Amino acid sequence: MEQAEPLASGFRAFHAFRSREFRLVWSAQVVSLVGDAAFVTALGWRTFTLAGSGKLGVVLVCQALAMLTTVLIGGALADRFPRRTLMIASDLARLAAVGALAGFDASGRLGFPLLLVLATLMGFGDGFFYPAFGGIVPLLVEPSAVPSANAMIGIARWTSLLIGPSLAAVAYGGAGSATVFALDAGSFLFSAALLWITRPRPVEPSAAEGTLREIWAGVRYVSRVPWLWVTIAMFALVLMLQFAPQQVLMPKLVSHHFHRGVAAYGLLTSLLGLGTILGTLLFGQLQPRRRRGVLSYAIWVTNSLCLAGLVLSPWFELAGALAVMRGACIGFSIAVWETMLMELVPENMLSRVVSLDFFGSFGLMPVGLAFSAGIAGLAGPGTIIAAGALFSAVLIAAVMTRPWLREID
């Protein structure tokens with residue numbers, strides 16, 4: 001035992017795997033997240049072949065709006081009922097939706113209206129799942145292992161974005177889109193089975209006041225905590241001004257600014273994913289405990305400056321290096337933020353806060369996507385993306401001056 005402790009402390013990022021319950025949920029998420037990433041890739045290409053490129057935006061917007069519609073309800077339910085039960089129910093509902101999509105596609109009866117309906121049902125299921133998942137993590141490990149758990153979840157999340165699209169490309173090319181949809185359906189069944197045998201620590205549920213009142217109680221709680229409501233409101237603007245233009249204009253930037261093709265675009269995405277994995281692992285090993293509020297904001301400023309440098313860089317190689325740096329910032333900062341939520345928010349309020357964080361942060365994304373598309377012809381893509389990134393950096397830096405932020409550990 002005397003030799004085991006130093007060895008274990010040397011690999012702090014992996015401490016969460018000591019818990020059987022965490023290993024089960026993490027394994028379920030690995031498979032499910034890879035299936036989801038493959039599903040998104042296949043959905044995009046299948047929509048294109050069915051209805052043309054313009055219809056994919058309609059599908060993604062409907063799916064996103066469906067998730068935003070249910071995420072607040074999901075947060076309230078996850079604080080009132082067992083979170084494991086809600087996750088299983090969500091997995092089974094999404095299994096039914098994606099299984100139906102695979103069946104209709106394999107039979108040749110899949111049309112765009114049906115695809116749109118089933119993809120929207122997937123979005124509804126996602127909205128119920130994510131708040132419950134965000135709330136169950138602290139119930140799977142001892143308190144000291146929460147940072148490790150978040151690091152490992154981050155690794156699963158970011159790695160799936162590297163593996164899932166490749167899996168979809170191979171399966172789609174070899175056996176068709178219905179096979180990819182069926183694989184995703186199977187991933188939900190696998191996840192539900194592992195969750196069924198998981199035994200998380202029980203938590204005292206919130207008082208049953210009715211779903212709307214419970215959502216409002218969550219809003220009141222967040223509004224009384226400056227580091228919560230200011231950060232959520234700030235990121236609604238940051239994602240609208242920074243992430244949305246990047247999503248819309250990055251392909252044009254690669255083509256017009258760097259004079260390269262789809263391979264270069266994919267490489268930048270892969271380098272970003274590599275960076276997020278490295279940043280998440282770094283967090284898991286360091287597990288900072290002091291001045292985490294200031295640390296998070298400093299990393300977000302750095303991320304914004306890296307994005308501006310990436311899109312204005314005269315050299316693609318420098319852009320690739322900055323993509324890795326950005327990814328490291330994203331992976332590290334998200335792990336810090338999620339750990340702060342799990343450690344500083346009361347357990348019987350956590351899922352509602354997670355749902356409000358998700359709803360608030362992404363609420364303006366549709367506006368940002370539409371706005372970015374509307375101004376795409378007014379200036380170069382690099383100029384538009386950099387302007388949003390630099391404004392975001394100034395906004396985040398301004399909030400860093402607030403005294404309440406420096407008081408957060």
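A disulfide is a pair of cysteine sulfur atoms within 2.5 Å. In this predicted model, a search of the whole structure turns up 0 disulfides.

View 1. The sulfur of Cys306 has its closest cysteine sulfur in Cys329, at 5.1 Å. That is too far for a bond, because the cut-off for a disulfide is 2.5 Å. Cys306 is buried, with a relative accessible area of 6%. Cys329 counts as buried too, at 11% relative accessibility.

**View 2. Gly309 in helix 11.** Helix 11 spans residues 292-312 and holds Gly309. At 26% relative accessibility, Gly309 counts as partly exposed, because buried means under 20% and exposed over 50%. Leu322 lies 13 residues from Gly309 in sequence. In space, the two are 7.3 Å apart, C-alpha to C-alpha.

**View 3. The second largest pocket.** This pocket holds about 200 Å³ of space. It is lined by 15 residues, of which Pro82, Arg83, Arg201, Pro202 and Val203 are the closest to its centre. Two elements give two or more residues each to the lining: helix 3 (54-80) and helix 4 (83-107). By class, the lining of the second largest pocket has 9 nonpolar residues, 5 charged and 1 polar.

Terms used:
Residues are numbered from 1 along each chain as its sequence is written. This is a predicted model: local features need pLDDT of at least 70, side-chain atom pairs count only at pLDDT 80 or more; totals for chains, interfaces and linings use all residues. Side-chain values use heavy atoms; hydrogens and water are left out. On a 1 Å grid over the protein atoms alone, a cavity is a set of points where a 1.4 Å probe fits but cannot get out, and a pocket is an open set with protein on both sides within 12 Å along at least five of seven lines; lining residues have an atom within 4 Å of a point. Grid points are joined across faces, edges and corners, and a volume is the space filled by probe spheres set on the points. Helices (H or I, at least four residues) and strands (E, at least two) are DSSP runs, numbered from the N terminus. Ala, Val, Leu, Ile, Met, Phe, Trp, Tyr, Cys and Pro count as nonpolar, Asp, Glu, Lys and Arg as charged, and the others, Gly among them, as polar. Buried means under 20% relative accessible area, exposed over 50%, partly exposed in between (1.4 Å probe, protein chains only).
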